[in-house]
Amino acid sequence: MKIRTNDEVVVLRGKDRGKRGRVLSVLPKHGKVVVEGINIITKHLKRNPQNPQAGGRVQRPAPMAASSVALWSEADGRGVRIRMQTGADGKKTRVSARSGKPVGVASGKGK
């Protein structure tokens, strides 16, 4: 997937269309992402030994389809499609398909 944890994305479809948020986790096996403050659900929790806090209703973001979000580009001021570009040093970077400018956070896995 071209969307990674901590990327800023904009929602393209659904009840939260147009909102921006930070990606909390990516579920590539299911093609989904969890975005902070987007697609909020109310989960009813029962008190139990593994969950020492009081039971009740907890609001939290639910996974949503990765195809429903686009990476936010500060340079373009909008959500953009991205492509991978190999630099002279052999490293791959994500660039905007529209403008060709680098997009997103420069961090990878464990870097």
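Modeller: From the N terminus on, the elements run β-β-β-β-β-β-β-β-β-β.

Colleague: Thanks! What makes you say that the protein chain is more spread out than a compact globule?

Modeller: Its radius of gyration is 17 Å, whereas the globule rule gives 13 Å for 111 residues; the value is well over the rule, so the chain counts as more spread out than a compact globule.

Colleague: What share of the residues counts as buried?

Modeller: Of the 111 residues, 26% do. The accessible surface comes to about 7800 Å², and carbon and sulfur atoms account for 49% of that.

Colleague: Let's pick a residue. Why is Arg47 called exposed?

Modeller: The label needs a relative accessible area over 50%. Arg47 has 58%, so it is exposed. You will find Arg47 in the loop between β4 (40–45) and β5 (56–61).

Colleague: Which residues does Arg47 touch, leaving aside those up to four places away in sequence?

Modeller: Arg47 touches Pro52, Gln53, Ala54 and Gly55.

Colleague: What is noted about the phi of Asn6?

Modeller: Asn6 has a positive phi, about 75 degrees, although it is not a glycine. Asn39 has a positive phi as well, of about 55 degrees, and is not a glycine either. Asn39 belongs to the loop between β3 and β4.

Colleague: How many positive and negative side chains are there?

Modeller: The chain has 25 positive and 7 negative side chains, and the centres of the two sets lie 9 Å apart.

Colleague: How do you know what confidence the predictor has in the chain?

Modeller: The mean pLDDT is 88, on a scale from 0 to 100, and 94% of the residues reach 70 or more. Strand β10 (residues 92–96) has the lowest confidence, at a mean of 90, while strand β3 (residues 32–35) has the highest, at 97. Where pLDDT is low, predicted coordinates should not be read in detail.

How values were computed. Residues are numbered from 1 along each chain as its sequence is written. This is a predicted model: local features need pLDDT of at least 70, side-chain atom pairs count only at pLDDT 80 or more; totals for chains, interfaces and linings use all residues. Side-chain values use heavy atoms; hydrogens and water are left out. Helices (H or I, at least four residues) and strands (E, at least two) are DSSP runs, numbered from the N terminus. The radius of gyration is taken over C-alpha atoms; the globule rule is 2.2 Å times the number of residues to the power 0.38. Buried means under 20% relative accessible area, exposed over 50%, partly exposed in between (1.4 Å probe, protein chains only). Accessible areas come from the Shrake-Rupley method with a 1.4 Å probe; for residues, only the protein chains shown count as cover. Lys and Arg count as positive and Asp and Glu as negative; His and the chain ends are not counted. The place of a charge is taken as NZ of Lys, CZ of Arg, CG of Asp or CD of Glu. Contact means heavy atoms within 4.5 Å.
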